[in-house]
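Please work through the questions below with the sequence and the structure open beside you.

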Amino acid sequence: MSTNHQRIVDSIKLQGYIIIDNALNSDLLDTLFTYLKSINKRSFKQAGIGRENDYQLNPLVRGDEIRWLDRNDNTKDYFQWIEDLRQQFNQQLFLCLFDFETHFSHYPPSTFYKLHYDGFKLSSNRIVSTTLYLNPDWQQQDGGELCLYNSDNQLLEKISPIYGRMVIFLSEEFPHEVLPTKKNRYSLTGWFRINNSDKIIDPPILF
Ligand code: OGA
Ligand code: MN
């Protein structure tokens, strides 16, 4: 197992989150970045809030546009890295993670994402959030920091979205926000999920 995976598991166990630079090896990172640059910008869609019937677009809450990722030659090594991490989470922390969904995000200048949780106990299946930043030459004055808070809304970390940095945290424990960015800001954000599909119903009682 990679030392980075063990570092991630240990930190999640200890404090519920980790900020890790160079989490991926540089070939894998550059492959993802090259792939991002090759994607037609028109295939990014305005992100919404809420799910299904509650779904709405609200640029006062979030201004990013997203493009979901599927498995292909450019992404397969990343999905393998994620799969290895999923197995370690399950073996060591008994998280019962079932699958992973992920999209590229693009925040155009002056956009943001207001304070929110990624997951809610009982009503959501997102358990662990991951974000990988893909912004070469990011400067402090470019803004766009991810602010991570504890459940009492005290600021824990203010994180610049620099190239190769990854932030991983428990989705139900940490409210967070993206501060307004001054430049185009790119990331790859994903969620490990448990399978709490409401389509699985109790078997009928037979008499
Ligand atoms: C999200 C999110 C954080 C970031 O997409 O839910 O909080 O830093 N992203 O991009
Ligand atoms: Mn979020």
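Q: Which residues does tryptophan 81 contact, beyond its neighbours within four places in sequence?
A: Contact here means heavy atoms within 4.5 Å. With neighbours within four places left aside, tryptophan 81 is in contact with His5, Ile8, Ala23, Leu24, Leu28 and Met166.

A note on the basis: this is a predicted model, in which local features need pLDDT of at least 70, side-chain atom pairs count only at pLDDT 80 or more, and totals for chains, interfaces and linings use all residues. Residues are numbered from 1 along each chain as its sequence is written, chains are lettered from A and ligands numbered from 1 in the order written, and side-chain values use heavy atoms, without hydrogens and water.

Q: Is histidine 5 buried or exposed?
A: Buried means under 20% relative accessible area, exposed over 50%, and partly exposed in between (1.4 Å probe, protein chains only). Histidine 5 has a relative accessible area of 4%, so this residue is buried.

Q: How far is the backbone oxygen of tryptophan 81 from a polar atom of the side chain of histidine 5?
A: Histidine 5 touches Trp81, Asp84 and Leu85, not counting residues up to four places away in sequence. Between the backbone oxygen of tryptophan 81 and a polar atom of the histidine 5 side chain, the distance is 3.0 Å.

Q: How far apart in space are histidine 5 and cysteine 147?
A: In sequence, histidine 5 and cysteine 147 are 142 residues apart. Their separation in space, C-alpha to C-alpha, is 23 Å.

Note on methods
Polar contact = N/O pair within 3.5 Å; in protein donor to acceptor, adjacent residues only side chain to side chain.
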